[in-house]
Amino acid sequence: MEIWRTIKKSIPAVNSAGYPFIGSALVIAIVAGLISSFLFWALLGLTIWLVIFFRDPERVPPDGEGLVLSPADGRIEPVTQAVPPAELEMGTVPMTRVSVFLSIFDCHVNRTPVSGKVTRIAYKPGKFVNADLNKSSEENERNSLLVDAGGQDVGVVQIAGLIARRIVCWTNEGVVLKAGDRIGMIRFGSRLDVYLPAGAEVVCKPGQRAIAGETVIARLGTAIARAPVEPGIGTTTPPAV
């Protein structure tokens, strides 16, 4: 029993959003197996990949004031200065943007990079160009969130990729989140952009592998910060599917 508990703890849970995909693939694999053993094993492999794709491990955010955590698992892209999406209404002055590219093998559960109140959520349809390209931030389908982190606005943008065709958001305007709380998912391969306020210090490097909710990508300045919003009030959890 102790060995079983140890094994169970070491295997990440599967997010409920993946159940329909995994179940469908398994059923198709079984039916196809009546026709061809090759099809069975190929589709079984697809089923196993879907289980891995929809994994949803627990994360432990680090302690510290003003920390900005990675919103996704993946590779840190070159840091740039860019104007935030117009729908966030953050102005037209370029801000520091840290981007994380997710491959189809990364965990795709997205998390809020800072504690604070979600003051705006805006969805915008668009293209599905390769999310590894900078132009995807402007051209692709996206869902943008604005988080008030104690007086400093942080923008978080979920961006669909070449394969991804569905952005899911699990939170709402007015909800107060803790850094590292789940906010959504993108299927299947995508990009997350974080827009930082003036005075923030980027501490990650391009090419670095980031872990959502744990890797520190920046530190907020303190010049304009108010007392932080009390976290944990009205937090949301992924809906059952």
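Buried means under 20% relative accessible area, exposed means over 50%, and partly exposed lies in between, with a 1.4 Å probe and protein chains only. By that rule serine 190 is buried, with a relative accessible area of 0%. Serine 190 lies in strand E12, where helices (H or I, at least four residues) and strands (E, at least two) are DSSP runs numbered from the N terminus. An unreviewed UniProt entry lists Ser190 for "modified residue: Pyruvic acid (Ser)"; such annotations may be inferred rather than shown by experiment.

The model is predicted: local features need pLDDT of at least 70, side-chain atom pairs count only at pLDDT 80 or more, and totals for chains, interfaces and linings use all residues. Residues are numbered from 1 along each chain as its sequence is written, and side-chain values use heavy atoms, with hydrogens and water left out.

**The chain as a whole**

The chain has 4 helices and 15 strands. Of its 241 residues, 46% count as buried. The accessible surface comes to about 11900 Å², and carbon and sulfur atoms hold 62% of that; the areas come from the Shrake-Rupley method with a 1.4 Å probe. Among contacts (heavy atoms within 4.5 Å) with a separation of 6 or more, 74% are between residues 24 or more positions apart.

**Strand pairing**

Strands of a sheet pair through backbone hydrogen bonds, either parallel or antiparallel. Here two strands count as paired if DSSP finds at least two bridges between them. An open sheet of 3 strands has the order E5-E11-E9, with antiparallel pairing. Strand E5 (109-111) and strand E9 (166-169) stand at its edges with a single partner strand each, so one side of each is left without a neighbour in the sheet. From one strand to the next the twist averages 25 degrees, with axes taken as lines fitted to C-alpha atoms and angles running from 0 to 180 degrees between N-to-C directions.

| Strands | Bridges | Facing residues |
|---|---|---|
| E9 and E11 (182-187) | 4 bridges | Cysteine 169 and glycine 184 |
| E6 (116-124) and E10 (176-177) | 2 bridges | Lysine 117 and valine 176 |
| E6 and E7 | 7 bridges | Valine 118 and valine 147 |

**Nonpolar cores**

A nonpolar core is a set of buried Ala, Val, Leu, Ile, Met, Phe, Trp, Tyr and Cys residues joined through side-chain atoms within 4.5 Å. The largest has 27 residues, and Val68, Ile76 and Ile217 have the most contacts inside it. Two or more residues of this core come from each of E4, strand E7 (142-148), strand E8 (153-160), E11, strand E12 (190-196) and strand E15 (216-219). Leaving aside neighbours within four places in sequence, valine 68 is in contact with residues including Pro113, Val194, Leu196, Ile217 and Leu220. Another core, of 11 residues, lies apart from the largest one, and Ala17, Ile22, Ala25 and Phe54 are among its members.

**Two loop residues**

Glutamate 89 lies in the loop between strand E3 (80-82) and strand E4 (95-102). Its phi is near 55 degrees, a positive value in a residue other than glycine. Glutamate 89 counts as exposed, at 59% relative accessibility.

Alanine 198 is in the loop between E12 and strand E13 (201-202). With a relative accessible area of 71%, alanine 198 is exposed. The C-alpha atoms of alanine 198 and leucine 220 are separated by 8.4 Å, and these residues are 22 residues apart along the chain.
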